[in-house]
Structure formats: C-alpha cells, structure tokens
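Trainee: I would like to go through this model term by term. Please set each value against its definition.

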Amino acid sequence: MLGLFFISLGCTIVFFLASYDNYPSGNALKDLHQIGHLNNTNELWVHIDTFSAMNGISRFCENDSPWRYSKEEGIPLEEFCRRNFTYLVSEQFAVDGFKCLHYVSGFSWVRLQSSLPPVILVKEPKLYIHGNTKIKDIMQINWAGCS
C-alpha cells in the first residue's frame, strides 16, 4: 500500500509539472509586460494570435494603459507589417516586419530514462514575442532573443 502511495505521488508530481508548462502564453505575456514597456509612447498594441489565446492568455493577464490588445482572428501573416501592432505574441517563428525578441517554452513530451531522474519533461519553444522593426526603441531593449 505504501508503494502505491509513492507511485501515485510521483505520477501526481509529473502531471502537475507537465500541466504547469502546458499553457505558456500567460508566461509570454507576463514577460512582455516586464521587458517591453516603452517610455516614449502612448499606447503599446499587442496582437495575440489564436494559439496564444487558447494556451494561457485571458483577460486576467492583460494590463491597463498603455497596453492595448487585439485578438482579431484570420489576419494573414503578410498583413501584420501593414498594421500598427507594437508586439505580436504568436506561434510563428518569423513574421515579416517584426523581429523575434523572445520565446517561451512549453511542455512537449515525456522522456523516460534508466538513470535518475527516471522521467524527464521535455520542453520546446511554443510561443514567440515579436517586436515591430519600425519602432527603434524596441530594438534597443535587451531581449533574450530567439536563437
């Protein structure tokens, strides 16, 4: 019975850690709010794509002024460079007119191994924060990058 308790505890911990990293969009928006604030602008327009909206971003994650958000669906990739978005939170690695500034990893799969720890949760980049290349102040911020 004690063995079953520890197996159950181990499974609970693994599933908890996997679910914690399963919704990376909230972390991406939090990182954007911490790093991406520009001093000389009235509004910062952030476009949140459908994948991001379904994976952790809700109205509770949004900040007040100067941040403004768009969750408009169906915008072709070529159209973003013609819009006035300051930032994009997107599953796309590259978008014309925008530079990839930061990525957020999310849970991808479980890898089993014979050494300790026996279970590894593998994460890979799921979301990318892009900055508009026309706005020079964005390029001067020290971003982590996407490489």
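Trainee: What makes a residue count as in contact with Val46?

Mentor: Contact means heavy atoms within 4.5 Å. Leaving aside neighbours within four places in sequence, Val46 meets that with Leu29, Leu32, Trp67, Arg68, Tyr69, Ser70, Phe85, Tyr87 and Val89. This is a predicted model, in which local features need pLDDT of at least 70, side-chain atom pairs count only at pLDDT 80 or more, and totals for chains, interfaces and linings use all residues. Residues are numbered from 1 along each chain as its sequence is written, and side-chain values use heavy atoms, with hydrogens and water left out.

Trainee: Which residues touch the most other members of the largest nonpolar core, and what makes a set of residues a nonpolar core?

Mentor: A nonpolar core is a set of buried Ala, Val, Leu, Ile, Met, Phe, Trp, Tyr and Cys residues joined through side-chain atoms within 4.5 Å. The largest one here has 18 residues, and Leu32, Val46, Trp67 and Tyr87 touch the most other members. Among the elements giving two or more residues to this core are helix 2 (25–35), strand 1 (44–48) and strand 2 (67–70). Helices (H or I, at least four residues) and strands (E, at least two) are DSSP runs, numbered from the N terminus. A second, separate core has six residues, including Ile75, Phe80, Phe85 and Leu88.

Trainee: Is His33 buried or exposed?

Mentor: Buried means under 20% relative accessible area, exposed over 50%, and partly exposed in between (1.4 Å probe, protein chains only). His33 has 14% relative accessibility, so it counts as buried. His33 lies in helix 2. Leaving aside neighbours within four places in sequence, the contacts of His33 are Cys61, Glu62, Asn63, Trp67 and Tyr69.

Trainee: How many residues of each class are in the lining of the largest pocket?

Mentor: Ala, Val, Leu, Ile, Met, Phe, Trp, Tyr, Cys and Pro count as nonpolar, Asp, Glu, Lys and Arg as charged, and the others, Gly among them, as polar. By that rule the lining has six nonpolar, five polar and four charged residues. Helix 3 (50–54) and strand 3 (87–90) each supply at least two residues of the lining.

Trainee: Where are the cis peptide bonds at Pro66 and Pro117?

Mentor: One joins Ser65 and Pro66, with omega about 15 degrees, and Pro66 is in the loop between helix 3 and strand 2. Another joins Leu116 and Pro117, with omega about -10 degrees; Pro117 lies in the loop between strand 4 and strand 5. Most peptide bonds are trans.
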